[in-house]
Amino acid sequence: MDWTDLIDVAFDALGSDNNKSSALHSVQQAALPGELPVAATAGRHPDHFRKGALVLTTHRLLFLKDGKPPLPVPLEGVTDVTVTRSRLNGEILQVVALTGAQRFEDVSKAEFFAEQLRGTARAARDRHHAPAPAAAAPDLLDRLERLAALRTAGALTDQEFALAKARLLQG
């Protein structure tokens with residue numbers, strides 16, 4: 001899915017073509033390096049009377065409304081996503097993040113969108129907190145040989161050698 005398809009999906013859910021090009025332009029300008037589109041739906045922020053587009057990317061959840069700058073929620077900080085129902089406000093998507101809580105009302109296909117949001121947020125957290133890759137076997141062997149050479153030359157004591165070797169083997 002590319003950005004144009006994503007905005008088309010969002011505006012189809014809105015049932016409107018108004019400001020589609022300005023929304024596409026604002027999202028593309030605000031895109032982070034390496035950020036890719038994931039999903040879109042329609043919803044209303046409590047501060048707005050009419051619906052806007054909720055756009056989920058690999059890095060953020062964005063709320064687009066009438067060509068205004070997107071309201072971003074970074075996915076690494078998302079701690080909870082819930083969907084509730086109300087007769088007055090329809091399906092309500094509540095997103096709790098380290099940057100604050102956001103509530104979107106009358107969300108189209110809220111449960112499906114919430115599942116996508118949870119999965120993408122989990123992937124963003126995993127990507128953000130991914131452990132450093134372990135040293136490749138040949139690289140590890142070279143480092144161990146260098147440590148042994150330093151110990152043999154007297155630059156490292158036996159205790160320093162053992163500590164450095166343990167650090168290398170733990171990654």
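Colleague: Does Glu105 count as buried or exposed?

Modeller: Here's the scale: buried means under 20% relative accessible area, exposed over 50%, and partly exposed in between (1.4 Å probe, protein chains only). Glu105 comes in at 9% relative accessibility, so it counts as buried.

Colleague: What kind of model am I looking at?

Modeller: Residues are numbered from 1 along each chain as its sequence is written, and side-chain values use heavy atoms, leaving out hydrogens and water. Local features need pLDDT of at least 70, side-chain atom pairs count only at pLDDT 80 or more, and totals for chains, interfaces and linings use all residues; the model is predicted.

Colleague: Where in the chain is Glu105 found?

Modeller: Helices (H or I, at least four residues) and strands (E, at least two) are DSSP runs, numbered from the N terminus. Contact means heavy atoms within 4.5 Å, and Glu105 touches residues including Gly43, Arg44 and Asn89, setting aside those up to four places away in sequence. Its place is the loop between strand 7 and helix 3.

Colleague: In what order do the strands of the 3-strand open sheet come?

Modeller: Two strands pair if DSSP finds at least two bridges between them. Strand 5 (78-86) and strand 7 each pair on one side only, which puts them at the edges. The pairing is antiparallel and the order is 5-6-7.

Colleague: Which strands are at the edges of the 4-strand open sheet?

Modeller: That sheet has antiparallel pairing and runs 1-2-3-4. Inside it, 4 bridges join strand 3 to strand 4, and Phe63 stands opposite Leu71 there. The strands that pair on one side only are strand 1 (37-43) and strand 4 (71-74).

Colleague: At about what angle does helix 3 run to strand 2?

Modeller: Axes are lines fitted to C-alpha atoms, for helices over the stretch in contact, and angles run from 0 to 180 degrees between N-to-C directions. Helix 3 lies across strand 1, strand 2 and strand 3, and its angle to strand 2 is about 35 degrees.

Colleague: Are the rings of Phe63 and Phe104 stacked or tilted?

Modeller: Rings of Phe, Tyr and Trp (its six-membered ring) pair if their centres lie within 6.5 Å; planes under 30 degrees apart count as stacked, over 60 as edge-to-face and the rest as tilted. That rule gives 1 aromatic pair. The centres of Phe63 and Phe104 are 5.6 Å apart and their planes are at 35 degrees, so the pair is tilted.

Colleague: How many residues apart are Phe63 and Phe104?

Modeller: At 2% relative accessibility Phe63 counts as buried, and Phe104 does too, at 1%. Phe63 belongs to strand 3 (residues 60-64) and Phe104 to strand 7 (residues 100-104), so the pair links distant parts of the chain.
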